[in-house]
Amino acid sequence: MHLGPSELILNQDGSVYHLNLLPEDIAHTVILVGDPDRVERVSRHFDQVEIEKRKREFITHTGRYKGKRLSVLSTGIGTDNIDIVLNELDALVNIDLVNRKVHKNKQVLNFIRIGTSGAVQAEIPVDSFLLSEYALGFDSVLRYYRGQAERLTEFEDAFMEQTGWDPEKSRPYAVSCSEFLLDHFTEDRICLGFTGSNVGFYGPQGRHLRLQAADPKLHEKLASFSFQGRKLTNFEMETSALYGLSSLMGHRAISMNAIIANRATTTFSKNPRKTVDQLIKWSLDKTLLL
Ligand SMILES: O=P(O)(O)O[C@H]1O[C@H](CO)[C@@H](O)[C@H]1O
Ligand SMILES: O=c1cc[nH]c(=O)[nH]1
């Protein structure tokens, strides 16, 4: 199938529309960070940076870390941005951008999210590292695609029932990380979690400054929900779409969270920057053996 100019949108130099990248600009292991300023905090560890490109909030640095070629790219905040980033990164490796045709043989990318997150269970301390084994997406990005993303539908059904979830909000979907990356990244110091990917930082995570909550029990419902011994452990805003779309496209994804807040104990890290930097260094060393 030929992809027309309004579907596969390219810039004048042939790069993909939002990311401003050409196929040769990215490595097969891509570190995804939310904050554009975090890109340099990752790439400062590289032996050298060979590519630096940007457009809007999407900054990419590609280089070598202890000899291994890596890219680091900022997604900005939210699952809607993940839709853009994953489609365009996938296009770079799986679509012939000149002939506008999908390649027969598909390439597999490794995506490693390094982000911040708030824990919702008291036993997960601030400054710890949490690997999202699963994610519950409150966004609806995945629902716009047909396909076989592995879903934990029993968990979804139990969530709807136990919380009495308002059907006017989207129906949450439960997805999992790449098993291959899970094996590779699991270590004693890493807490495994079921991450809630929310559609906002305030109301959707049960935070309220001046506006009142539509459901004053939302946070309590999310934190106390339990199914077959599994509870939601932490909140952030990208992992569900990252896992769902990676699964549909045949890529591998894992989300590593620096826990900077604990909502149950109402604590916040005294030095979130240090915790994120430690997670960056730990994750970079882990990618070496991929
Ligand atoms: O630190 P990052 O990677 O941006 O991740 C978390 O922080 C942002 C909210 O402050 C959201 O993007 C959330 O997912
Ligand atoms: O509480 C938090 C902290 C970081 N990111 C979030 O989305 N929520």
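1. In helix α6, the residues T239, S240, A241, L242, Y243, G244, L245 and S246 are buried (under 20% relative accessible area, where exposed is over 50% and partly exposed is in between, with a 1.4 Å probe and protein chains only). The helix is therefore described as mostly covered, since eight of its eleven residues are buried (helices, H or I, at least four residues, and strands, E, at least two, are DSSP runs numbered from the N terminus). Just after α6, G250 takes a positive phi of about 85 degrees.

2. The model is predicted, with local features needing pLDDT of at least 70 and side-chain atom pairs pLDDT 80 or more, while totals for chains, interfaces and linings use all residues. Residues are numbered from 1 along each chain as written, chains are lettered from A and ligands numbered from 1 in written order, and side-chain values use heavy atoms, without hydrogens and water.

3. The largest pocket has a volume of about 660 Å³, and of the 23 residues that line this pocket, N87, D90, A91, I95 and M249 are the closest to its centre. Two elements, α2 (79-94) and α6 (239-249), each give two or more residues to this lining, and α2 supplies the largest share, with six residues. A pocket is an open set of points on a 1 Å grid over the protein atoms alone, with protein on both sides within 12 Å along at least five of seven lines, whereas a cavity is a set where a 1.4 Å probe fits but cannot get out; lining residues have an atom within 4 Å of a point. Points are joined across faces, edges and corners, and a volume is the space filled by probe spheres set on them.

4. By residue class, the lining of the largest pocket divides into 14 nonpolar, four polar and five charged residues. Here Ala, Val, Leu, Ile, Met, Phe, Trp, Tyr, Cys and Pro count as nonpolar, Asp, Glu, Lys and Arg as charged, and the others, Gly among them, as polar.

5. The second largest pocket holds about 390 Å³ of space, and of the 21 residues in its lining, I77, T116, S117, F201 and M237 are the closest to its centre. The elements giving two or more residues to this lining are β7 (110-119), β13 (234-236) and β14 (252-262), with the largest share, five residues, coming from β7. This lining divides into eight nonpolar, seven polar and six charged residues.

6. F201, which is among the residues closest to the centre of the second largest pocket, lies in the loop between β10 (190-197) and α5 (218-224). This residue is partly exposed, with a relative accessible area of 40%. Together with Y202 and L209, F201 forms a nonpolar patch on the surface with about 350 Å² of accessible area (patch residues have over 30% relative accessible area and no salt bridge, like charges being joined within 9 Å and nonpolar side chains, Val, Leu, Ile, Met, Phe, Trp or Tyr, within 5 Å; areas come from the Shrake-Rupley method with a 1.4 Å probe, and for residues only the protein chains shown count as cover).

7. The structure holds one cavity of 30 Å³ or more, and about 50 Å³ of space lies in the largest cavity. The residues lining this cavity are L32, V33, G34, T75, I82, R113 and E238, which divide into three nonpolar, two polar and two charged.

8. Of these lining residues, R113 and E238 also meet through their side chains in a salt bridge, at 3.4 Å from N to O (a side-chain nitrogen of Lys or Arg within 4 Å of a carboxyl oxygen of Asp or Glu). The pair links distant parts of the chain, with R113 in strand β7 and E238 in the loop between β13 and α6, 125 residues apart. Both R113 and E238 are buried.

9. In total the structure holds twelve salt bridges, and one of these joins R44 to E40, with the closest N and O atoms 2.9 Å apart. R44 is partly exposed at a relative accessible area of 46%, and E40 is also partly exposed, at 37%.

10. A salt bridge also joins the side chains of K281 and D285, at 3.3 Å from N to O. Because K281 and D285 are four residues apart in helix α7 (residues 272-287), about one helical turn separates them. K281 counts as partly exposed at 31% relative accessibility, as does D285 at 30%. With K66, the residues K281 and D285 are linked in a network of salt bridges.
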